[in-house]
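Here are my notes on this one, as numbered points. Have the model open while you read.

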Amino acid sequence: MTTHSDAKHDNRDDRQRTRDWVATARTLSEALPFLQRYERKIVVIKYGGHAMGDAERSREFARDIVLMKQVGINPIVVHGGGPQIGEMLERLRIQSTFVDGLRVTDEAIVDVVEMVLAGSINKQIVTAINGAGGKAVGLCGKDGNLVRAKKLLRTRKDPESNIEKVIDLGFVGEPDQVNPAVLEAFFGSDIIPVIAPIGVGANGETFNINADTVAGAIAAAVGAMRLLLLTDVPGVKDKDGHVIPEMTLAQAEAAIADGTVTGGMIPKLETCIDAARRGVEAVVVLDGRVPHAVLLELFTEHGAGTLIRRTD
Ligand SMILES: Nc1ncnc2c1ncn2[C@@H]1O[C@H](COP(=O)(O)OP(=O)(O)O)[C@@H](O)[C@H]1O
Ligand SMILES: CC(=O)N[C@@H](CCC(=O)OP(=O)(O)O)C(=O)O
């Protein structure tokens, strides 16, 4: 039962939140001149399953996205949901394994992946953004053929024979063609697209695509000025566990090749390299657990995490 003192406490929290909010908006408006050189001001935010955290963090993230839209930026949210897919598979007693951070996806698993990503999580994020005063529309790569995909052929060198072998990951895809027209319709409007990383194959098959990969392909296709990959670590770490503030493309490639990064950080760094090569000016891996991480990164000098960009 809510007591009178609880209600008073809530009111105080609300006032504090409003004060924080106003301070943030002021910082934003001061920083705005930096944005003027970008015509369309598109920022793609990859919201990882690990970064989602609890309800309060989701509300905070939603408010930040709405604020971005209100100050004239076009945010596109691409979300993951790896841990949430894992929980659902466990409830259904379906085993799943990973190769280089990618979930091996058979026919039964791809159904669960689509249900969790395009159904449950997509709608949770849409609801959170709308609850924060925005107008979000949820899509997956099938909508408007936004992400046409093909089967991902991953190869690995056999240590004994030294021969490259193809590893069959089942219905794991990679973007083949992104149709930016589906998203361009939203840029002049107040709608915020929220995208689940499901692709559609040439024969209508459903492909499970790593969310970082989809975010990178979309950022490149729409000419985003920034790609922000929100995760559950403060950035890319070196072998001693220290966060690397900035990486060139060659350093990022070396970190994958020499095993400095493993698991889910592999597709993340591959995305950074690919997006930077395809014209996204700055790609940042940052800690989504930090309050207002996206606003801090975009509008202040206190941007944290690892910045990857072309230096040539
Ligand atoms: N060198 C590294 N620096 C930082 N994180 C790393 C590194 N190598 C592996 N990782 C792992 O990558 C994870 C982030 O990838 P992932 O779990 O797929 O996150 P998300 O769900 O946010 O996409 C981190 O939690 C960490 O365990
Ligand atoms: C092929 C592949 O691995 N797909 C991912 C899609 C979700 C995802 O990428 O979620 P995070 O960003 O939260 O890790 C998966 O099945 O988990």
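1. Let's start with the sheet. Eight strands make up an open sheet with mixed pairing, in the order β5-β10-β2-β1-β13-β15-β16-β14. Strands here are DSSP E runs of at least two residues, helices are H or I runs of at least four, and both are numbered from the N terminus. Two strands pair if DSSP finds at least two bridges between them. At the edges stand β5 (135–140) and β14 (246–247), each with a single partner strand, so one side of each has no neighbour in the sheet.

2. A word on the model before going further: it is predicted, with local features needing pLDDT of at least 70 and side-chain atom pairs counting only at pLDDT 80 or more, while totals for chains, interfaces and linings use all residues. Residues are numbered from 1 along each chain as its sequence is written, and chains are lettered from A and ligands numbered from 1 in the order in which they are written.

3. Now the pairings. β13 (residues 226–231) and β15 (residues 282–287) run parallel over six bridges, and L230 sits opposite L286 in β15. β1 and β2 are also parallel, joined by six bridges; V43 has P75 in β2 as its bridge partner. Between β2 and β10, again parallel, there are two bridges, with V78 partnered by I195 in β10.

4. How buried is β2? Six of its six residues are buried, so the strand is largely enclosed by the rest of the structure. Buried means 20 or more other C-beta atoms within 10 Å of the residue's own, exposed means 12 or fewer, and partly exposed is in between, with C-beta atoms placed from the backbone. N74, I76 and V78 point one way from β2, and P75, V77 and H79 point the other way.

5. α7 (residues 211–222) lies across β1, β2, β10 and β13, at about 175 degrees to β1. Contact means C-beta atoms, placed from the backbone, within 7 Å; axes are lines fitted to C-alpha atoms, for helices over the stretch in contact, and angles run from 0 to 180 degrees between N-to-C directions. The other is α3, which has 16 residues (55–70) and spans 23 Å from first C-alpha to last, close to the 22 Å expected at 1.5 Å a residue; the expected span is 1.5 Å times one less than the number of residues. Buried residues in α3 include F61, I65 and M68. After α3 comes G72, with a positive phi near 95 degrees.

6. On to ligand 1. Its shell holds 19 residues, the closest being G48, T231, K237, G264 and M265; the cut-off is a C-beta atom, placed from the backbone, within 6 Å. α2 (49–52) and α9 (265–277) each supply at least two shell residues, and α2 gives the most, with three. By type, the shell has five nonpolar, eleven polar and three charged residues. Ala, Val, Leu, Ile, Met, Phe, Trp, Tyr, Cys and Pro count as nonpolar, Asp, Glu, Lys and Arg as charged, and the others, Gly among them, as polar.

7. Lastly, which residues other than glycine have a positive phi? H292 is one, near 60 degrees, in the loop between β15 and α10 (293–299); with 17 C-beta neighbours inside 10 Å, H292 counts as partly exposed. N162 is another non-glycine case, at about 65 degrees, in the loop between β7 (154–157) and β8 (164–167). N162 is exposed, with 7 other C-beta atoms within 10 Å.

Key:
Contact = placed C-beta atoms within 7 Å.
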